[in-house]
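Good morning, and thank you for the time on the agenda.

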Amino acid sequence: DSLPLEWVVLDGRDDGDRAWVDTQSRFDDAVKAVVSKPPIHNERLHLGAAIVLTLVRTDATSGDELAGLRIVIEAHRVATVCYGSDAIVEEALERQARGSAPAGIARVLALLVTALIKPLEPEITRLSDRIDALEDAAMNERDDDLGDQVVLLGRQVLSLRRYLVPMHDELSFLALNPDELPGNADPRNLRRAAESLARLVSSLNSSHNRVQLILSQLKSHVESRQSRSMHKLSLVATVFLPLGFI
């Protein structure tokens, strides 16, 4: 009650939490309908006086499954519906408790985004290190199965980009247009979160380009080997075809 903002935290996988939302007159029917569905992509919806911001990413601990949030933002209330990982909201709450700034809308949103993308940072670093090793192997042609490894790595990079790029776009829009948020939102926290997200997106874009270069190099190596093989075959044919004709 001492905070200027009410922060409601719900577990989207819990039947009791979903039933509780249905009983609350504070939420519009349109908001209740959106909250009841698990998120599948990043989006921003304006439903009356509320904004519903959906943020999702791949769950590093469970392969291709998604972890995400639906964030219902109103003038004096933020309702966070968590799917896939409770640690996202728990970390945001802990960071808020350790800080001295009041829990304004922009600060809560920035804390949630930071907690959502933090587990991806070491994964993106590992992908970059793996690309370094594959670049060296491609230069030396040390592995015949290198192409499959590069393609698999490229799929992992694309999987991360698929969710982080739209998330960055939504957050950057709100950081540049704080008037879109209900109440008086301070955009500075959003800008810092958007900058952190932009760095991850930039790293993924760089990794994607490097993967494409490795694939091009491997293709060039294959074409070069085929050219040498055809050259040898042509030499053999030059010798033996006249003899066969005679």
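Predicted model: local features only at pLDDT ≥ 70, side-chain atom pairs only at ≥ 80, totals over all residues.

Residues are numbered from 1 along each chain as its sequence is written, and side-chain values use heavy atoms, with hydrogens and water left out.

The axes of H3, residues 87-98, and H4 come within 8 Å and cross at roughly 130°. Here axes are lines fitted to C-alpha atoms, for helices over the stretch in contact, and angles run from 0 to 180 degrees between N-to-C directions. Helices (H or I, at least four residues) and strands (E, at least two) are DSSP runs, numbered from the N terminus. The crossing of H3 and H4 is right-handed; a crossing is so called if the near helix is turned clockwise from the far one by less than a right angle, and left-handed if anticlockwise. By class, the contact of H3 with H4 has 7 nonpolar, 2 polar and 3 charged residues. Ala, Val, Leu, Ile, Met, Phe, Trp, Tyr, Cys and Pro count as nonpolar, Asp, Glu, Lys and Arg as charged, and the others, Gly among them, as polar.

I turn next to H6. The axes of H4 (residues 105-117) and H6 (residues 146-176) come within 12 Å, crossing at roughly 165°, which makes H4 roughly antiparallel to H6. The crossing is left-handed. H4 contributes Leu-109, Val-113, Leu-116 and Ile-117, and H6 contributes Leu-164, Met-167, Leu-171 and Leu-174. These divide into 8 nonpolar, no polar and no charged residues.

What is the angle at which H5 and H6 pack? H5, residues 120-140, packs with H6 at about 150°, with axes 11 Å apart, and the two helices are therefore roughly antiparallel. Their crossing is left-handed. The contact includes Leu-120, Glu-123 and Arg-130 in H5, and Gln-149, Gln-156 and Leu-164 in H6. It has 13 nonpolar, 2 polar and 2 charged residues.

Now to the sheet. Its 5 strands form an open sheet in the order S1-S5-S4-S3-S2, with mixed pairing; two strands pair if DSSP finds at least two bridges between them. S1 (6-11) and S2 (43-47) are the edge strands, each pairing on one side only. The twist averages 15° from one strand to the next. S3 (residues 50-58) and S4 (residues 66-73) pair in the antiparallel sense over 8 bridges, and Arg-57 has Ala-67 in S4 as a bridge partner. H6 lies across S2, S3 and S4, running at about 155° to S3.

Finally, the structure holds 9 salt bridges, each a side-chain nitrogen of Lys or Arg within 4 Å of a carboxyl oxygen of Asp or Glu. One of them joins Glu-43 to Arg-70, with the closest N and O atoms 3.7 Å apart. This pair links distant parts of the chain, Glu-43 in S2 and Arg-70 in S4, 27 residues apart.

How values were computed. Parallel < 35°, antiparallel > 145°, perpendicular 65-115°, else oblique. Contact = heavy atoms within 4.5 Å.
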